[in-house]
Each structure stands twice: as structure tokens, then as C-alpha cells.
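Here is a short report for a reader meeting this protein for the first time. Keep the sequence and the 3D view open while reading.

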Amino acid sequence: MTSLSVIVPLYNEQESLPEFCDSLFAALASAELRRCFEAPFSFEVIMVDDGSTDGSDLLIGELMAGRPELRLVSFRRNYGKTEALSAGFRAASGEVVVTIDADMQDDPTEIAPLVMKIREGYDLVSGWKRERNDPVSKTVPSKLFNLTTRLFSGIALHDFNCGLKAYSRELASALDLHGEMHRYIPVLAQWKGFRVTEIPVRHHARKYGTSKYGVARFFAGLFDFLSVMFITRYLKRPMHFFGMMSLGSFFFGFCISLYVTIEKYMFDKPAGNRPILFLGILLIILGVQFFSTGLVGELLSTRTTRQGGWSIRRTENLPDEIIDKLSD
């Protein structure tokens with residue numbers, strides 16, 4: 001097993017890659033980091049190219065000269081950061097796994113403090129960009145996102161979506177990500193029973209290129225937030241969720257229908273053309289549908305498995321068994 005695996009998801013970061021690789025390999029050569037592991041220390045850097053169109057994958061191939069620890073997984077098209085991280089986790093063999101973005105905003109020298117915290121017994125150590133160097137258009141929505149996630153999840157983290165994180169081997173192997181769920185990795189980790197914490201990390205202003213995330217990511221994040229809340233609370237008992245909705249809908253529908261029926265037979269009031277009657281019938285039908293959905297969910301909850309849905313364009317410097325694992 002490798003001592004440390006560093007996963008670098010990237011998309012169209014050709015300008016920053018040479019400087020990023022230099023700073024990353026310098027940080028991985030530090031004595032502070034190596035003291036966190038028993039000798040002999042070894043590491044690998046897995047660059048996951050998420051379908052870049054600017055030749056980032058070709059440049060990585062050139063940067064491998066003199067760097068045998070550098071690996072490449074390149075997708076045929078852009079699948080998103082979650083899928084890139086999933087491929088990286090599947091390819092990683094390290095005792096400790098670290099993720100870091102290639103845009104030079106995360107500081108590679110912060111890897112050592114993250115690993116030290118993992119050595120204290122934590123399974124996930126997330127970076128906290130306490131002083132964030134981004135425009136207001138990114139910082140304000142980020143604060144709202146973190147506040148909402150903190151309130152609903154009950155996890156006292158300040159920065160859920162920082163790309164700089166360290167993972168234990170057990171957690172990296174246990175994560176099953178899809179959609180845009182990389183934002184909620186701390187929530188998923190704690191739900192699985194792993195120990196989660198955070199430490200402040202340095203954050204730099206973007207030096208090259210532009211952000212790859214637009215307004216659409218907030219809508220995708222909202223839907224995935226609802227998915228994560230359902231997964232972490234009701235995945236193994238979906239009837240508890242849909243059953244309550246079914247019971248409430250059916251009860252109110254029945255009460256409304258009973259009220260209209262009593263008025264019809266006791267006070268001779270017409271019932272056939274009253275909107276409230278149709279509301280009662282609709283609520284009863286919804287109650288039956290919610291119950292049916294919960295029942296189907298119960299049948300499927302323990303039978304669903306998911307495989308990686310990406311198509312790989314090329315790989316470099318990866319063992320055959322890892323390539324086979326990525327292709328499964």
C-alpha cells in the first residue's frame with residue numbers, strides 16, 4: 001500500500017498545471033509530511049482529467065517526465081467533479097487519501113497539517129477557507145450553503161465544500177458518490193459513522209483561468225441536498241418518510257370527504273360540484289400513491305448497486321489492476 005494518494009480533479013486547467021505540479025511535489029517532499037508516516041514513505045498523484053478540451057491531459061503526459069509518481073485518468077467528456085473524485089478514490093491505493101484542486105487556490109503546503117489531523121484518529125479532515133479570496137458572487141452563496149447544510153445536518157463545520165480534504169483509507173473506499181454530492185461528503189461520512197472534523201487552511205485568489213461553476217450549480221446542489229437528507233435519514237427505511245406523508249394526506253382527505261358526506265345527508269347540501277370534495281378525493285389518492293412509493297422503496301433499498309458511469313479516454317502510468325477496476 002502506498003503511504004499517501006493525492007487526487008487532483010481538473011477541468012481545463014492547462015495554464016496552472018506546470019506551477020501547480022511544481023508546488024505540489026515540493027510540498028510532498030517536505031520533512032513535516034514524511035514524519036507523519038512510517039518509513040519508507042511513498043506517494044502517488046492521480047490527476048483525473050474531467051474531459052478537458054484545452055489539452056490538459058496531453059500536458060500532464062509531458063509533466064510525467066522525471067515524476068514516476070504522477071498518474072493520469074482522462075475522461076472522454078465532462079462528467080463533473082463528483083465523478084472525477086469517484087474515479088480517483090477507486091484508483092487510489094494510499095493509506096491516507098488527499099484531494100486538492102488544480103487551480104492553485106488551495107495551498108499544497110496544507111496537506112501536512114491535514115494528514116497530522118488524520119493521524120489523531122479522524123477519518124475525514126476538511127479544509128476551512130476561513131479567509132476566502134473569491135468575489136462576493138461566490139462567497140455569499142457559499143456562506144448560505146454552508147449555513148443551510150450545517151443547520152439541517154447537525155454537523156458543526158464551517159466549510160463543507162472545500163476541495164482540500166484528507167481521508168482515511170476506510171472512508172475513501174466506503175464513499176459512493178453521484179450527482180453533485182461531492183459538496184456533501186462530510187454529511188455522508190458522518191452518516192456512515194466516520195469521525196469528521198476541519199482545520200483552517202490558506203486560500204489564494206485564482207491566478208489562472210476562470211471558475212468552471214456557474215449559477216446552475218446552485219440548483220443542482222439544492223436537489224442533491226434533498227437527496228443527501230433523504231439518503232442519510234431514510235435510505236434504509238423509506239416507508240418512514242413516505243408513510244408519514246401517506247398517513248397525513250389520507251387522513252386529511254378522509255376528514256374532508258367525511259365532512260362533505262355528513263353535510264349531504266344531514267343538511268341536504270349538494271356535494272357533487274363542491275371543490276372541497278375534489279380536494280378530499282385528491283388527498284386520498286395522493287395518500288395511496290405515497291404509500292405505494294414507500295413500499296416500492298422498501299423493496300429496492302437493499303438491492304440497488306451503482307457502478308462508475310464514466311467513459312475513459314486514456315490512462316497513463318496506472319497498474320493494470322487499477323485500470324481494470326476503473327473499467328468495471
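## A nonpolar patch on the surface

Helix α10 (residues 238–267) supplies the largest share of the nonpolar patch, 7 residues. Helices (H or I, at least four residues) and strands (E, at least two) are DSSP runs, numbered from the N terminus. The patch consists of Phe250, Phe254, Leu258, Ile262, Tyr265, Met266, Phe267 and Val288. Together they have about 890 Å² of accessible area. Such areas come from the Shrake-Rupley method with a 1.4 Å probe; for residues, only the protein chains shown count as cover. Patches are made of residues with over 30% relative accessible area and no salt bridge: like charges are joined within 9 Å, nonpolar side chains (Val, Leu, Ile, Met, Phe, Trp, Tyr) within 5 Å.

Leucine 258 sits in helix α10. Its relative accessibility is 41%, so leucine 258 counts as partly exposed. Buried means under 20% relative accessible area, exposed over 50%, partly exposed in between (1.4 Å probe, protein chains only).

## The model and its overall make-up

This is a predicted model: local features need pLDDT of at least 70, side-chain atom pairs count only at pLDDT 80 or more, and totals for chains, interfaces and linings use all residues. Residues are numbered from 1 along each chain as its sequence is written, and side-chain values use heavy atoms, with hydrogens and water left out.

The protein has 12 helices and 8 strands. Of its 328 residues, 48% count as buried. Contact means heavy atoms within 4.5 Å. Among contacts between residues at least 6 apart in sequence, 81% join residues at least 24 apart.

## The sheet

An open sheet of 8 strands runs in the order β7-β5-β6-β4-β1-β2-β3-β8, with mixed pairing. Strands β7 and β8 (312–316) stand at the edges with a single partner strand each, so one side of each has no neighbour in the sheet. From one strand to the next, the twist averages 20°. That angle uses axes, which are lines fitted to C-alpha atoms, for helices over the stretch in contact; angles run from 0 to 180 degrees between N-to-C directions.

Two strands pair if DSSP finds at least two bridges between them. Strands β1 (residues 2–10) and β2 (residues 43–49) run parallel, joined by 7 bridges. Valine 6 has valine 45 in β2 as its bridge partner. Next, β2 and β3 pair in the parallel sense over 5 bridges. Here valine 48 stands opposite valine 73 in β3. Strand β5 (residues 124–128) is joined to β7 by 5 bridges, and these two also run parallel. Serine 126 is partnered by glutamate 198 in β7.

## Covered elements

How much of strand β7 (residues 196–200) is buried? The count is 4 of 5 residues, so β7 is largely enclosed by the rest of the structure. Strand β3 (residues 70–75) is mostly covered, with 6 of its 6 residues buried. Leu70, Leu72 and Ser74 point one way from β3, while Arg71, Val73 and Phe75 point the other way.

Helix α4 (residues 81–91) is mostly covered too: 11 of its 11 residues are buried. Leucine 85 belongs to this helix. Its relative accessible area is 4%, so leucine 85 is buried. Leaving out residues up to four places away in sequence, leucine 85 touches Ile7, Pro9, Thr99, His182 and Ile185. The C-alpha atoms of leucine 85 and leucine 177 are separated by 8.3 Å, though the two are 92 residues apart along the chain.

## Salt bridges

The whole structure holds 16 salt bridges. Each is a side-chain nitrogen of Lys or Arg within 4 Å of a carboxyl oxygen of Asp or Glu. Glutamate 13 forms one with arginine 206, and their closest N and O atoms are 3.5 Å apart. Glutamate 13 lies in the loop between β1 and α1 (17–28) and arginine 206 in the loop between β7 and α9 (216–234), so the pair ties together parts 193 residues apart in sequence. Glutamate 13 is buried at 7% relative accessibility, whereas arginine 206 is partly exposed at 23%.

Arginine 206 also forms a salt bridge with aspartate 103, with closest N and O atoms 3.4 Å apart. Aspartate 103 is buried, at 10% relative accessible area. Elsewhere, Asp49, Asp57, Arg313, Arg314 and Glu316 are linked in a network of salt bridges.
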